[in-house]
Each structure stands twice: as C-alpha cells, then as structure tokens.
Amino acid sequence: MKNYLDKRENPALLLDGAKQALIIGFNYYQGDKLNEALKGRARIAQYARLKDYHKSLKKRGELIIDELKAEVPGLNCRVMVDSAPILERALASRTSRGFIGKNTLFIHPEQGSMFLLSEILIDQVIMEADQKIPVDPTQRSEVGGCGSCKRCQVYCPTGALDEAYRLDARKCLAYWTIEHRGVIPFEYWPWVKTYLFGCDLCQLACPYNRTHEISKEDVILKAAEQDPFPIACMSQDDYVQMFGGTPATRAKRSGLRRNALIALAETRDERLAAAMDSVLPHDESVLHETLEQIRLRYPKD
Ligand code: B12
Ligand code: SF4
Ligand code: SF4
C-alpha cells in the first residue's frame, strides 16, 4: 500500500488531465443474514461467489466509455477496478449521496454498502458535478451517517474496528483468509469456521444493508454455506472446477485448503483426520505448518 502514494493522493496522475470521475457501484448481495452467518457453516464472502469482478466490471466500464466517446469526440477516459492505486471509497464519498461508515466502507443511504466500486476517470468536464450533501456524523438520517450506531464495531469478531472509521487490517479476517500467505495465528482460528474466505459481518450488521436488493448476477459458488471438507482435500483440477473464475482464487489453492483445514479443526469435524491425510509431502509448506499447528492445538489424548 506504500507504493504509488502520489497517485493515491492525486487521481489526476492516473490519467493525463483528469477532471471528472464517474463512480460505479456493482451490487453483489446474495441474501445472507447476520444470524445465519454467525450460526452456519464456514462461508465464502458474498462478493467472491460471483464471477471475478475485475474483468467483468472493466468490460462494462469500457462499454460506458465507448458510449461517452460517441457523445463527446476527443474524450480520453480510463476505467479502474479495485487494483489501481486509487482510494476508491474516498473518491466515492465525494459524490452527493454516500459516506464512509464506521466499518470504513462506502455506504449509500438507500443502497447500503454491498457493492463493489469502480471508476471512470475523464479528462473533460462532461457532467454536472454532484454537490456533496454534508453528512452530520452525529445523525443517522436519510442522507446518511452512522450517528450513535456501532453495530459493525460490536459484531466485528476480531477487534479490527475498535476505533471507529479506522480498520486495523492486521486484525481483519479478510486480510488473514485472503491476503496472508503463511500460517494463521491461533487467535483468528475460531472465526475461520464462520468465514473461510473474506468476511461480511461488519456489513451484515449494518442497518443500511437491511433492505439490500439481491444481486441479479450469475452465482458461481451456489451454496451460501460451503462445506470445508472437499475444499481442504481439493486437487488442482477440483480447485479449477470449484473456484475458477471467481475472486476466491486470490487466496490460491493452498490458502483455501489452509482455511478449510482450520474450519474443520475448529468445528471438531470428524472428517478432519481424512482431510489432514490428504495433504501430500510435496504440498506447500503452509499446509504442513498448519497441520503442525492443528496437532499442537488439539493434541490427541
Ligand atoms: C487493501 C484493501 C483491503 C485490505 C485492507 C483494507 C484497508 N482499510 O485498507 C483488506 C484485505 C483487509 C480488505 C478487506 C475488505 N475489503 Co477491501 N480493499 C482494499 C483496496 C484494494 C485498497 C484500500 C486502500 O487503499 N487502503 C489504503 C489506505 C490508505 O486506505 P484507507 O485507510 O481506507 O484510507 C482512508 C483514510 O486513510 C482517508 N484518508 C486519509 N488520508 C487521505 C488522503 C487523501 C488525499 C484522501 C483522499 C483520503 C485520505 O480516506 C481513505 C478512504 O476511506 C480497496 C480498493 C481500492 N483501490 O480502494 C478495496 C475495497 C476497499 N475493499 C472492498 C471490500 C468489499 C472489502 C471487504 C468487504 C471484502 C470481504 N467481504 O471480505 C473487506 C471489508 C473490510 C472493511 N471493514 O473495510 C471494497 C469496498 C466497497 C465499499 N462499498 O466500500 C473496495 C473499495 C474494493 C472495490 N473495488 O469495491 N480490503
Ligand atoms: S470484514 Fe470481518 S474481521 Fe474485517 S472488519 Fe469487518 S467484521 Fe471485522
Ligand atoms: S453498522 Fe452502524 S456504525 Fe457501522 S457503518 Fe453501519 S451505520 Fe455506521
């Protein structure tokens, strides 16, 4: 995150002469409910159950650019989705309706927060700019704001949101289960049985998501609740079959197997021994280290 700080601070460096940004929200809500998520079997975060948004959103953005260029000749635009060095939430919060909540996500007062952001930077002024509606942070009203609510902070299981409006990424399950490549510290294990990949708890707890519309996109990972056993044992072919083309591949096969082994251990699943036996000598060291951790945490009597 330290790279390209100049660009993060100034999106105009990402497109020569950028003057406006069009912000697009892509709804991924699958209908999950907080109570079910807390009680059920290990889940894959909702955004990861759809086709990888990096490619599909980029394509859609390019179609919008084609239409803009047909209207305004000589226009120069660039579409960005997630991975460019741009503070997507900060930029989105400068539109008229929407604000950054205590869970640090961008929330639209009528649409909630379960949408992914992408942006089109434009080098001319072609739209009337949205006027920012000031959001009084002490009032949760129809124009937004968290007010005295702190449900996301209460329901975050790891303390990552202990300070309002700040995420300690070192404590976020999304970091540990998606981005981290080594072993996962024991303190996060009890929650890997709730979320196998990513985490939606601070959004499912948010009152702005109570009436969220369900996404119309095709769902690739159909079951809301995933069985960790086949994931823990999956071969490369199974992995491609199950997760190919979804954002879950960000964790790689070894990361998903690691997380599934932890979920089986934490639920004392009777299939744990079989899943542990499926780790072969040539498999990644993180899997062998996770097996050692399991034996340490749950030594046989
Ligand atoms: C790295 C990253 C993560 C990391 C770390 C998150 C973090 N806080 O940085 C991890 C892996 C933990 C993560 C988790 C998740 N993420 Co994420 N993540 C990103 C990513 C790629 C970069 C974020 C970033 O720039 N961080 C760096 C620091 C500097 O950013 P920051 O602290 O948020 O900065 C704020 C303040 O510092 C302040 N600020 C301070 N100084 C300055 C100076 C200037 C000039 C400005 C403008 C602002 C500013 O404003 C900033 C905006 O709030 C963005 C995509 C993107 N390019 O923006 C997605 C993104 C934020 N993630 C997203 C999602 C969906 C998630 C998860 C829900 C996924 C999941 N289900 O598991 C969780 C939610 C966790 C949470 N409560 O936030 C969405 C959020 C959509 C929304 N509606 O807000 C994004 C925007 C991706 C997308 N394209 O849609 N994520
Ligand atoms: S995604 Fe989960 S772990 Fe991360 S801040 Fe939200 S509730 Fe906490
Ligand atoms: S749960 Fe409450 S405090 Fe957290 S983001 Fe939503 S409205 Fe704000």
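Let's start with a cluster of rings: Tyr28, Tyr47, Tyr53 and Phe197 are linked by ring pairs. A pair here means that ring centres of Phe, Tyr or Trp (its six-membered ring) lie within 6.5 Å; planes under 30 degrees apart count as stacked, over 60 as edge-to-face, and the rest as tilted.

A word on where this comes from. This is a predicted model, where local features need pLDDT of at least 70 and side-chain atom pairs count only at pLDDT 80 or more, while totals for chains, interfaces and linings use all residues. Residues are numbered from 1 along each chain as its sequence is written, chains are lettered from A and ligands numbered from 1 in the order in which they are written, and side-chain values use heavy atoms, with hydrogens and water left out.

Back to the rings. By that rule, the count is nine aromatic pairs. Take Phe186 and Trp189: their ring centres are 4.9 Å apart and their planes meet at 75°, so this pair is edge-to-face. How buried or exposed are these two? Buried means under 20% relative accessible area, exposed means over 50%, and partly exposed is in between (1.4 Å probe, protein chains only). Phe186 has 28% relative accessibility, so this residue counts as partly exposed. Trp189, at 0%, counts as buried.

Now look at Tyr239 and Phe243. Their ring centres are 6.3 Å apart with planes at 40°, so here the pair is tilted. Both sit in helix 10 (residues 236–243), four residues apart, which means about one helical turn separates them. Tyr239 is buried at 10% relative accessible area, and Phe243 is buried at 1%.

Let's zoom out. How many helices and strands does the protein have? There are 13 helices and seven strands, counted as DSSP runs from the N terminus (H or I, at least four residues, for helices; E, at least two, for strands). The radius of gyration is 21 Å, close to the 19 Å from the globule rule for 301 residues, so the protein is as compact as a globular protein of that length. That radius is taken over C-alpha atoms, and the rule is 2.2 Å times the number of residues to the power 0.38. Along its principal axes, the C-alpha trace spans about 70 × 45 × 35 Å.

Of the 301 residues, 47% count as buried. And of the contacts (heavy atoms within 4.5 Å) with a separation of 6 or more, 72% come from residues 24 or more positions apart.
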